[in-house]
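Dear colleague,

I am passing on the structure below, and after it I set out what turned up when I went through it. Please read the notes with the model open beside them.

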Amino acid sequence: MGLHRVVEPAGVLPQAAWRLDARPEIAPNEVRIRVERLNLDAASFRQLFEKHGGDGAAVRAEVLEIISTRGKMQNPVTGSGGMLIGTVEEAGRRSPLGLKAGERIATLVSLTLTPLVVTDGLARWDGRSEQVPCDGWAILFARSIAAVLPEDLDPQLSLAVLDVCGAPALTARMVSRYVAERAGDARPVSVAVIGGAGKSGSLSLAAARQAGAGRTVGVVPVAAERDALVAAALADAVVLADARDPVALSTAVTSALGVPADVTVVCVDVPGCEHGAVLATADGGTVIFFSMATSFAAAALGAEGLAADVTMLVGNGYVPGHAELALGLLRGEPGVRGLFEARLAAD
């Protein structure tokens with residue numbers, strides 16, 4: 001679990017630690033990765049970008065300061081980090097991950113618990129996109145997760161997909177349960193995805209449909225995203241709404257579906273969307289919060305205050321088979337691939 005890498009405070013797991021030991025020497029059950037690119041999570045990058053008013057140099061300087069100070073990438077405001085791709089340099093003889101020197105991989109665990117050193121000063125990054133080309137090393141533990149990069153996909157595309165692969169997998173799991181419970185029932189399972197044009201949102205819409213959802217709606221904040229999501233043909237309906245406005249969000253979802261959603265998936269990277277998601281969900285329904293901008297206190301207390309009988313799930317980023325499912329959706333859904341490629345081109 002990497003306890004031996006915790007410098008301070010003593011006794012906590014690496015994710016909760018303030019500082020990690022990122023020395024390159026590995027224990028017999030560790031793996032060292034030569035890092036080539038980081039992918040900062042959306043909530044963290046947005047917070048840094050807005051804090052510095054879009055000044056890329058200032059964003060780059062703060063990311064460097066965080067990594068050098070903490071021995072990992074963990075935004076002190078959002079608490080989140082991201083993930084990385086690189087090449088296996090050395091695998092300890094007792095590592096259970098099955099990785100071999102020379103394999104190009106993506107880590108499927110957060111940078112918030114991954115010992116990390118950057119050696120090039122992020123000289124090739126302008127501080128204005130989530131993907132960060134860099135040189136350095138990172139350490140994986142015995143309980144870490146990683147995936148060998150597929151040869152048929154551009155590494156940057158794979159990185160973008162694998163960064164959020166937990167969202168479609170958890171969405172598919174929950175939708176499948178509702179579909180199974182309603183076997184023989186004429187009522188279709190309805191799904192709303194807040195932030196449907198984004199990375200995790202577009203994959204979640206595709207996963208919901210594949211899992212048997214009868215009707216889906218994607219919620220986006222601006223017309224450009226609405227047009228892109230309509231063109232991608234991933235949702236039965238696409239609506240414009242500010243997810244921070246609970247009544248507007250609930251009205252938009254209910255009007256599009258005809259009923260409140262059985263499953264609502266929150267994929268936005270801004271705070272303040274908890275109450276709208278709860279209000280848009282049917283009694284007995286489920287809200288999946290797959291956003292590091294979520295206030296879980298606001299979600300729980302808001303649901304209580306609304307007397308809402310909903311189950312609320314924290315998307316923790318790991319579901320067995322999540323990487324394979326997400327990559328399969330990318331390959332099999334032209335709309336998903338188009339949205340991802342357009343996003344990378346814009347970056």
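Phe 340 touches Leu 157, Ala 160, Val 161, Lys 199, Ser 202, Leu 203 and Leu 330, leaving out residues up to four places away in sequence, where contact means heavy atoms within 4.5 Å. Please bear in mind that this is a predicted model, in which local features need pLDDT of at least 70 and side-chain atom pairs count only at pLDDT 80 or more, while totals for chains, interfaces and linings use all residues. Residues are numbered from 1 along each chain as its sequence is written, and side-chain values use heavy atoms, with hydrogens and water left out.

Phe 340 is also among the residues with the most contacts inside the largest nonpolar core, a group that includes Leu 162, Val 175, Val 191, Leu 229 and Leu 234 as well, and this core has 50 residues. A nonpolar core here is a set of buried Ala, Val, Leu, Ile, Met, Phe, Trp, Tyr and Cys residues joined through side-chain atoms within 4.5 Å, and buried means under 20% relative accessible area, exposed over 50% and partly exposed in between, with a 1.4 Å probe and protein chains only. Helix H4 (residues 166-181) gives the largest share of this core, six residues; helices (H or I, at least four residues) and strands (E, at least two) are DSSP runs, numbered from the N terminus.

Helix H11 (residues 334-346) has 13 residues, which at 1.5 Å a residue should span 18 Å, and its end C-alpha atoms are 18 Å apart, in agreement; the expected span is 1.5 Å times one less than the number of residues. Gly 335, Val 336, Leu 339 and Phe 340 are buried in H11. Seen down the axis of H11, its buried residues fall within an arc of 135°, so they line one face of the helix, the arc being that of the directions from the helix axis to the C-beta atoms. The face turned away from the buried side of H11 carries Pro 334 and Ala 345, which are exposed, whereas the cover over its buried residues includes helices H3 (155-162), H5 (199-210), H6 (223-232) and H10 (322-332).

Ala 211 lies in the loop between H5 and strand S10 (215-220), and it counts as buried at 18% relative accessibility. Apart from residues up to four places away in sequence, Ala 211 touches Ala 172, Val 175, Ser 176 and Val 179; Val 179 is 32 residues from Ala 211 in sequence and 8.0 Å from it in space, C-alpha to C-alpha.

On the charged residues, the structure holds 22 salt bridges, each being a side-chain nitrogen of Lys or Arg within 4 Å of a carboxyl oxygen of Asp or Glu. Lys 199 forms one with Glu 130, the closest N and O atoms being 3.4 Å apart. This pair links distant parts of the chain, with Lys 199 in helix H5 and Glu 130 in the loop between strand S6 (116-118) and strand S7 (131-140), 69 residues apart. Lys 199 is buried at 8% relative accessibility, and Glu 130 is buried with a relative accessible area of 8%. Another salt bridge joins the side chains of Asp 21 and Arg 23 (2.8 Å, N to O); Asp 21 counts as buried at 16% relative accessibility, whereas Arg 23 is exposed at 53%.

Some backbone details may deserve a look. A cis peptide bond joins Glu 8 and Pro 9, with omega about -10°. Ala 233, in the loop between H6 and strand S11 (237-240), has a positive phi of about 55° although it is not a glycine. Ala 307 has a positive phi near 50° and is likewise a residue other than glycine; at 66% relative accessibility Ala 307 counts as exposed.

With best regards
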